[in-house]
Amino acid sequence: MGLAEIKDRVETEAKRVGRAPESVTLIAVSKVQPNERVEAVLEEGQRVFGENKVQEAAGKWPAFKDRFDGVELHLIGPLQTNKARQAMELFDVIHTVDRPKLAKTIARLAEELGHCPRLFIQVNTGEEPQKAGVLPAEADAFIQECRDLGLSIEGLMCIPPAEEEPSLHFALLKKIADRNQIAGLSMGMSGDFETAIAQGATHVRVGSAIFGERDYS
Ligand SMILES: *Cc1c(COP(=O)(O)O)cnc(C)c1O
């Protein structure tokens with residue numbers, strides 16, 4: 001695999017289902033990967049990256065941003081309110097807005113900082129207790145609450161349960177997005193990004209299929 005093959009597969013699947021390839025943004029998920037691998041993918045021209053921890057991203061991305069123009073960073077992991085300021089200074093997009101306290105903090109900081117990252121709301125489509133995200137039944141009310149706070153919601157994001165068929169989760173996310181007039185859909189990872197594209201994903205988050213397996217040891 002690798003970047004070129006994954007870009008090719010994204011484009012092929014988009015065309016196959018009658019979508020413009022540019023309507024799908026490939027987020028290269030660089031968490032845990034050694035800097036040499038990330039640098040190689042930057043050298044190949046990739047500019048959109050995803051990280052799931054604020055601290056880890058803060059340790060490596062400022063230096064990469066100095067060396068490579070046009071980097072766009074997406075936070076795809078849970079965000080604690082006490083890290084919101086740092087996240088808003090570092091990330092261009094946050095995919096994991098999932099509770100009122102965080103939404104209120106982001107709204108307050110946006111005013112103070114004079115800018116706000118693009119925002120996605122994470123939905124816990126599998127209703128898994130260990131997973132972040134607003135429950136599907138509470139999504140409409142939470143979206144409204146965010147809008148009432150003045151936040152512009154670009155999309156919804158989900159991580160389907162590992163053992164389940166992802167299609168049902170992708171379909172549910174799209175349904176919630178459609179009825180709330182939300183255009184962005186962050187869904188699909190290494191194992192299922194083509195399925196997600198067929199179901200309307202605007203952002204796919206692909207890590208190991210681009211960089212190789214993550215080594216947590
Ligand atoms: C790690 C991660 C990914 C990428 O997973 P791969 O299976 O390596 O593609 C995507 N989304 C989120 C939220 C992640 O934490």
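**Ligand site and pockets in a predicted model**

**View 1. The shell around the ligand.** The residues of this shell divide into six nonpolar, three polar and three charged, where Ala, Val, Leu, Ile, Met, Phe, Trp, Tyr, Cys and Pro count as nonpolar, Asp, Glu, Lys and Arg as charged, and the others, Gly among them, as polar. The model is predicted, with local features needing pLDDT of at least 70 and side-chain atom pairs counting only at pLDDT 80 or more, while totals for chains, interfaces and linings use all residues. Residues are numbered from 1 along each chain as its sequence is written, and side-chain values use heavy atoms, with hydrogens and water left out. Among the residues surrounding the ligand are Val29, Ile76, Met157, Val206, Gly207 and Ser208, each with a heavy atom within 4 Å of it.

View 2. A polar side-chain atom of Ser190 lies 2.5 Å from a ligand oxygen atom, that of Lys31 lies at 2.6 Å, and that of Arg214 lies at 2.7 Å, a polar contact to the ligand being a pair of N or O atoms within 3.5 Å. The protein buries 89% of the 390 Å² that the ligand exposes when taken alone, by the Shrake-Rupley method with a 1.4 Å probe.

**View 3. The largest pocket.** The ligand takes up the space of the largest pocket (more than half of its atoms lie within 2 Å of the grid points), which holds about 300 Å³, a volume being the space filled by probe spheres set on the points. Of its 19 lining residues, Lys31, Ile76, Ile159, Met189 and Arg205 are the closest to its centre. A pocket is an open set of points on a 1 Å grid over the protein atoms alone, where a 1.4 Å probe fits, with protein on both sides within 12 Å along at least five of seven lines, and lining residues have an atom within 4 Å of a point.

Conventions. Polar contact = N/O pair within 3.5 Å; in protein donor to acceptor, adjacent residues only side chain to side chain.
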